[in-house]
Amino acid sequence: EMSAEERAFQERIDRGEKIEPTDWMPEGYRKTLIRQIGQHAHSEIVGQLPEGNWITRAPTLERKAILLAKVQDEAGHGLYLYCAAETLGVSRDELIELLHAGKMKYSSIFNYPTLTWADIGAVGWLVDGAAIMNQVPLQRTSYGPYSRAMIRICKEESFHQRQGFDIMMKMAGGSEAQKRMAQDALDRFWYPSLMMFGPSDKDSVHSAQSMAWKIKINTNDELRQKFVDQTVPQAEYLGLTVPDPDLKWNEDKGGYDFSEPDWNEFFEVLKGNGPCNEERLGARVKAWEDGAWVREGLMAHADKRSVAKVA
Ligand code: 3HC
């Protein structure tokens with residue numbers, strides 16, 4: 001049974017009002033936002049690793065500069081989102097500690113390796129494509145700081161997807177070897193990209209409440225379907241084949257019928273048993289430890305400065 005405060009809060013949400021950090025909010029709303037925004041931020045930061053792996057090996061200086069700009073953008077997206085989470089009373093250090101302790105997640109997709117240059121094209125085209133599909137509706141989320149972070153992030157994401165699709169166009173239209181490499185990248189990234197939208201709606205533990213609070217605007221399956229409907233024609237344009245023999249246009253529903261990802265694989269990856277889980281978390285913990293002296297130096301300097309001001 002809702003309390004008067006909870007009922008008034010839900011009416012604000014239903015009227016489409018933005019909730020701001022100093023407004024009253026149910027504890028569950030705050031906790032859900034910390035979980036989702038924190039894991040979204042972690043995804044941006046860990047997501048830099050698969051692409052960073054190719055900055056030193058990009059085929060041209062131009063591709064290197066583009067990839068460098070994109071990876072830098074992801075770092076900035078992580079910072080916007082950690083800032084949004086801080087408005088809920090949780091510090092960045094706490095969130096990062098929970099990630100390193102395996103108590104918070106990042107997007108499953110980043111536990112897959114980037115084995116060839118075509119993978120960098122597939123990541124931009126499919127992974128950022130899926131991220132855009134998921135983030136565009138989140139611009140209308142009820143929590144003000146999260147909504148504003150999403151608006152800013154979405155402005156940069158379209159460049160991320162376009163540069164990836166451009167790599168795929170070059171390779172799919174290139175030599176036989178390049179086209180095979182592009183097809184191989186699509187084969188390996190197709191199903192993990194579908195997993196980015198989360199489990200099927202019937203297995204989604206948070207969707208109902210998150211949608212009531214407008215923390216989630218569409219269901220997982222709705223966005224996955226939209227992603228497939230948008231991406232299949234792009235694959236056809238590239239002359240590549242989506243690795244799903246059961247994919248076919250369904251006139252009645254006005255969308256494609258397609259095979260679901262292997263949900264056992266999905267839950268295994270979430271448990272930490274994906275191809276790169278240890279490597280990714282290890283890289284993050286190492287970066288955190290290697291950078292400790294910089295943070296300590298900055299804090300000592302800031303303390304000295306603040307004492308000087310008082311004196
Ligand atoms: N990877 C890891 N964990 C996932 C997941 C995925 N692809 N999909 C779902 N999960 C987790 C959920 O976090 C939840 O676990 P938790 O309770 O420990 O948090 C559990 O699986 C059940 O899933 P639900 O559908 O019930 O959970 P949500 O309602 O939170 O929905 C979500 C999952 C759709 C990912 C939602 O949290 C969301 O929209 N998050 C914000 C967007 C986001 O994080 N995107 C990451 C994409 S990568 C990215 O943005 C970087 C880009 O620049 C490339």
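These entries go from the ligand's surroundings to the pocket.

**Entry 1: the neighbours.** I began by reminding myself that this is a predicted model. I then looked up which residues surround the ligand. There are 31 of them, and Lys105, Ser108, Ser204, His206 and Asn220 come nearest. Sorted by class, this shell holds 12 nonpolar, 12 polar and 7 charged residues.

Entry 2: Next I checked some side chains against the ligand's oxygen atoms. For His206, I found a side-chain N or O atom 2.6 Å from a ligand oxygen. Glu44 has a polar side-chain atom 3.0 Å from an oxygen atom of the ligand, and for Gln135 the corresponding distance is 3.3 Å. I also looked up the cover: on its own the ligand has 1000 Å² of accessible area, and the protein covers 90% of that.

**Entry 3: where the ligand sits.** Which pocket does the ligand take up? I found it in the largest pocket. Helix 2 (27-46), helix 6 (117-138), helix 7 (144-172) and helix 11 (263-273) each give two or more residues to the shell around the ligand. Helix 2 has the largest share of that shell, with 6 residues.

**Entry 4: the pocket itself.** I noted a space of about 1100 Å³ in the largest pocket. Its lining counts 46 residues, and Ser107, Asn134, Met196, Phe197 and Gly198 lie nearest the centre. The largest share of this lining comes from helix 6, with 9 residues. Helix 4 (61-86) and helix 10 (220-238) are among the elements that supply at least two lining residues each. By class, I wrote down 20 nonpolar, 16 polar and 10 charged residues for the lining.

Technical notes
Residues are numbered from 1 along each chain as its sequence is written. This is a predicted model: local features need pLDDT of at least 70, side-chain atom pairs count only at pLDDT 80 or more; totals for chains, interfaces and linings use all residues. Side-chain values use heavy atoms; hydrogens and water are left out. A residue is near a molecule or strand if one of its heavy atoms lies within 4 Å of it. A polar contact is a pair of N or O atoms within 3.5 Å; within protein, one must be able to donate a hydrogen and the other to accept it, and residues adjacent in sequence count only if both atoms are side-chain atoms. Accessible areas come from the Shrake-Rupley method with a 1.4 Å probe; for residues, only the protein chains shown count as cover. On a 1 Å grid over the protein atoms alone, a cavity is a set of points where a 1.4 Å probe fits but cannot get out, and a pocket is an open set with protein on both sides within 12 Å along at least five of seven lines; lining residues have an atom within 4 Å of a point. A molecule sits in a cavity or pocket if more than half of its atoms lie within 2 Å of its grid points. Helices (H or I, at least four residues) and strands (E, at least two) are DSSP runs, numbered from the N terminus. Ala, Val, Leu, Ile, Met, Phe, Trp, Tyr, Cys and Pro count as nonpolar, Asp, Glu, Lys and Arg as charged, and the others, Gly among them, as polar. Grid points are joined across faces, edges and corners, and a volume is the space filled by probe spheres set on the points.
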